[in-house]
Amino acid sequence: MKINLNPSTSKIVVWLIIAIIVLVVINWEIKTIAKTQAAKDAKAIRDDLKSENLSFDLTQYTILADKLEQSIGPWNTSESAVYSVFDKMQNSDDVKQLVKSFGLRQFTFLIGKLTLPQYMAEGMDATEIEKINESLASKGINMNF
């Protein structure tokens, strides 16, 4: 069976294939950049984290990180659940351990795996993030998302 396409249809098909290839390459590059940045962030946190200052057991940070992953999404974010997690943070080492426990998590298929700050930037608006930053600052925690 032979399919005959007129010249204009053939051009459209070729451009669609090119566009798909370009999007795949861009997506791959974004994922590579995100992984590189995540590795740098993780190293900085490991180097600066003082485990003796932690307010919770390490498993609790994983539970809180899981709660953030479930609460922040591309189409719907439960702000109250996110705020409740950050309300529990007592010092900068708590926040650093939360970021460390979050690690890299899949946001969407196209966006890929992100660190907690990246995840929040994708799933929350600037006003919501600023409210978290203000809450942390009120406790003397000088970390911004």
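Predicted model: local features only at pLDDT ≥ 70, side-chain atom pairs only at ≥ 80, totals over all residues.

Colleague: At roughly what angle do the axes of α2 and α4 cross?

Modeller: The helices meet through L58, Y61, T62, L64, A65, L68 and E69 in α2 and D94, Q97, L98, S101 and F102 in α4. The crossing is right-handed. The two axes come within 8 Å, and they cross at roughly 65°.

Colleague: Thanks! Stepping back, in what order do the elements of the chain run from the N terminus?

Modeller: The chain has six helices and two strands. Starting at the N terminus, the order is α-α-α-α-β-β-α-α.

Colleague: Which residues touch the most other members of the largest nonpolar core?

Modeller: In soluble globular proteins, nonpolar side chains tend to be buried together. Here the largest nonpolar core has 27 residues. The elements giving two or more residues to this core are α2 (58–71), α3 (79–87), α4 (92–102), α5 (116–123) and α6 (126–138). The members that touch the most others are L68, F86, M89, L98, L116, M120 and I132.

Colleague: Take M120 from that list: which residues does it touch, not counting those up to four places away in sequence?

Modeller: M120 is one of the core members with the most contacts to other members. Leaving out residues up to four places away, M120 touches I72, F86, I129, I132 and F145.

Colleague: Against which helices do the buried residues of α3 pack?

Modeller: First, the buried residues of α3 are A81, V82, Y83, S84, V85 and F86. These residues pack against α2, α4, α5 and α6.

Colleague: Are α3 and α6 roughly parallel or roughly perpendicular?

Modeller: The axes of α3 and α6 are 10 Å apart, at an angle of about 20°. E79, V82, Y83, F86 and D87 of α3 make the contact with E128, K131, I132, S135 and L136 of α6. Angles under 35 degrees count as roughly parallel, so α3 and α6 are roughly parallel.

Colleague: How is α4 placed relative to α5?

Modeller: The axes of α4 and α5 come within 9 Å and cross at roughly 85°. That makes α4 and α5 roughly perpendicular. As for the residues involved, L98, V99 and F102 in α4 meet L116, P117 and Y119 in α5. To repeat the arrangement you asked about, it is roughly perpendicular.

Colleague: Which residues does G103 contact, leaving aside neighbours within four places in sequence?

Modeller: G103 lies in the loop between α4 and β1, and with a relative accessible area of 27% it is partly exposed. Its C-alpha atom is 5.7 Å from that of T115, 12 residues apart in sequence. Beyond its sequence neighbours, G103 contacts L114, T115 and L116.

Colleague: How far is the C-alpha atom of I111 from that of W28?

Modeller: I111 lies in the loop between β1 (105–108) and β2 (112–114). At 25% relative accessibility, I111 is partly exposed. I111 and W28 are 83 residues apart along the chain, and their C-alpha atoms are separated by 9.3 Å.

Colleague: Last one: is N142 buried or exposed?

Modeller: N142 belongs to the segment after α6. Its C-alpha atom is 7.0 Å from that of S92, 50 residues apart along the chain. The relative accessibility of N142 is 72%, and values over 50% count as exposed, so N142 is exposed.

Technical notes: Residues numbered from 1 in each chain as written. Heavy atoms only, no water. Helix = DSSP H or I, 4+ residues; strand = E, 2+ residues; numbered from the N terminus. Core = buried A, V, L, I, M, F, W, Y, C linked by side-chain atoms within 4.5 Å. Buried < 20%, exposed > 50% of the residue type's maximum accessible area, 1.4 Å probe, protein only. Contact = heavy atoms within 4.5 Å. Axes fitted to C-alpha atoms, helices over the stretch in contact; angles between N-to-C directions. Parallel < 35°, antiparallel > 145°, perpendicular 65-115°, else oblique. Left-handed = near helix turned anticlockwise from the far one by under 90°.
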